[in-house]
Amino acid sequence: MKKTLKRSNAPIFWALFGAGGMLSALLGPMLVFITGLAIPLGMLLPVDTMSYAKMLAFAQNIVGKGFIFAIISLFLWHAAHRIFHSLHDIGIHAGIVAKLICYGGALAATLVTAYTLLAIGF
Amino acid sequence: MSENQRIIEIEVLRYNPETDKEPSKQVFDVPFTDDMSVLQGVQYIKDYLDGSLSFRWSCRMAICGSCGMMINGEPSLSCETFLRDYYPARVRVEALAHFPIEKDLVINMEGFIEKLESIQPYIIPKEARTLAQGEYLQTPAQLASYEQFSSCINCMLCYAACPQFGLNSDFIGPAAMALLHRYNIDSRDAGKGERMELVNSEEGVFNCTAVGYCSEVCPKHVDPANAVNQNKTNSAADYFMRFLTPKGGAK
Ligand code: SF4
Ligand code: FES
């Protein structure tokens, strides 16, 4: 009497969650330090390191684009997954609704990021 | 002997399905000595104070896995937990969390047994061998790779510790996954494909949110959390690789 088993689609979200988690653990604190403290306070790097012109050039470079895209999108997929599971843990099993809000939000932000990065050109 | 005999309060969660609507607590004063386990305390209650108290036990030496209880809220083997460590405070004893109670401290373990059966906990050989071909040989290194996962005594403490099993009792859970992993990585076994179906399913590993409490309470250091998390990677690989392999991975 074997139950029929349905394959879970979790690996997709789990893989994005894992990638985002790895990236945020490795780069998150450093990015907060550089963009939030070091540059505005003029520590180590000159204050105009993140000037509009420089950041625009960064975002127009193919590698820079990839970096910005990965940071924004994967961080959000990580957060979405974490929030979705935390809702479950505290007893909110909204199922499809929670799923749509969490993962839908990450997906929407991913698309907007991709569109914007492409729109500012190369 | 009598000078070092003290009295400890043991609070027991009682439940009789024939007369009680819901479980309730009852406190007993139990004389104890330094060498007495919580199990012996509960046995004292049954022998001298209230013969109707029900609980499971057998070996009294952390081998059989039948005496698991919540002791002050922690999943523990009552035969290797000592009253002296709680005295002079009261010690609280309850049935294992997350399982239906059959009576008092006895839980219904049917669901767990079904899970154990579902993972096919036996070696599924690549090809059958005749007696004349002799035994399957294995190197010490091959043995070492799965040995840790084979020391489970089915005490279910890890299930009582797992918040995700508490939320969804369909989750295959820590001990069954550890045992599944034990067979999957055994060099004599070729049943991984069949077992992966369960790992990959909605009842499978992705119910786990990496809490890790299961491994903390395990009296045999099986580290079921490790088995579960290794199989998340295996399952994710299986999920994506099936698009690349002709046989399409496990169903
Ligand atoms: S894995 Fe450990 S805690 Fe879980 S049933 Fe086996 S021995 Fe008990
Ligand atoms: S009585 Fe056997 S493990 Fe405790």
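These are my notebook entries on what I looked up in this predicted model.

**Entry 1: chain B as a whole**

I began with an overview of chain B. I counted nine helices and seven strands in chain B. The C-alpha trace of chain B spans about 70 × 40 × 30 Å along its principal axes. I also checked burial: 46% of the 251 residues of chain B count as buried.

**Entry 2: two helices of chain A**

Next I turned to chain A and looked up α3 (residues 62-89) and α4 (residues 96-119). Their axes come within 9 Å and cross at roughly 175°. Angles over 145 degrees count as roughly antiparallel, so α3(A) is roughly antiparallel to α4(A). I then sorted the residues of this contact by class: 17 are nonpolar, five are polar and two are charged.

**Entry 3: the largest pocket**

How much space lies in the largest pocket? I noted about 940 Å³. The largest pocket is lined by 37 residues. Closest to its centre I found A:Ala10, A:Phe84 and A:His85 from chain A, along with B:Phe206 and B:Asn207 from chain B.

By class, the lining of the largest pocket has 15 nonpolar, 16 polar and six charged residues.

**Entry 4: the cavities**

I searched the whole structure for cavities of 30 Å³ or more, and there are two.

The largest cavity has a volume of about 120 Å³. I listed 16 lining residues for the largest cavity, and those nearest its centre are B:Cys162, B:Cys208, B:Val211, B:Gly212 and B:Cys214. At least two lining residues come from each of α5, α8 (213-217) and α9 of chain B. How does the lining of the largest cavity divide by class? I wrote down twelve nonpolar residues, four polar ones and no charged ones.

The second largest cavity holds about 100 Å³ of space. Of its 15 lining residues, B:Cys152, B:Cys155, B:Cys158, B:Cys218 and B:Val222 lie nearest the centre. Here α4 (157-161) and α6 (174-184) of chain B each supply at least two residues of the lining. By class, the lining of the second largest cavity has twelve nonpolar, two polar and one charged residue.

**Entry 5: backbone details in chain B**

I went looking for backbone geometry worth a note. The peptide bond between B:Tyr87 and B:Pro88 is cis, with omega about 5°. I placed B:Pro88 in the loop between β4 (74-77) and β5 (91-94) of chain B.

I also noted a positive phi at B:Arg60, about 65°, although B:Arg60 is not a glycine. B:Arg60 sits in the loop between α1 and β3 of chain B. Is B:Arg60 buried or exposed? Exposed means over 50% relative accessible area, so B:Arg60, at 55%, counts as exposed.

B:Asp104 is not a glycine either, and I found its phi to be positive, about 45°. Its place is the loop between β6 (101-103) and β7 (106-107) of chain B. With a relative accessibility of 2%, B:Asp104 counts as buried.

Buried means under 20% relative accessible area, so B:Asp50, at 18%, is buried. What is the length of the polar contact that joins the side chains of B:Asp50 and B:Arg14? I read it as 2.9 Å.

B:Thr19 is exposed, with a relative accessible area of 62%. A polar contact of 3.0 Å links the side chain of B:Thr19 to that of B:Asp20.

Conventions
Residues numbered from 1 in each chain as written. Chains lettered and ligands numbered in written order. Predicted model: local features only at pLDDT ≥ 70, side-chain atom pairs only at ≥ 80, totals over all residues. Heavy atoms only, no water. Axes fitted to C-alpha atoms, helices over the stretch in contact; angles between N-to-C directions. Helix = DSSP H or I, 4+ residues; strand = E, 2+ residues; numbered from the N terminus. Parallel < 35°, antiparallel > 145°, perpendicular 65-115°, else oblique. Nonpolar A, V, L, I, M, F, W, Y, C, P; charged D, E, K, R; others polar. 1 Å grid on protein atoms, 1.4 Å probe; cavity = no way out; pocket = protein on both sides within 12 Å on 5 of 7 lines; lining within 4 Å. Points joined across faces, edges and corners; volume = space filled by probe spheres on them. Buried < 20%, exposed > 50% of the residue type's maximum accessible area, 1.4 Å probe, protein only. Polar contact = N/O pair within 3.5 Å; in protein donor to acceptor, adjacent residues only side chain to side chain.
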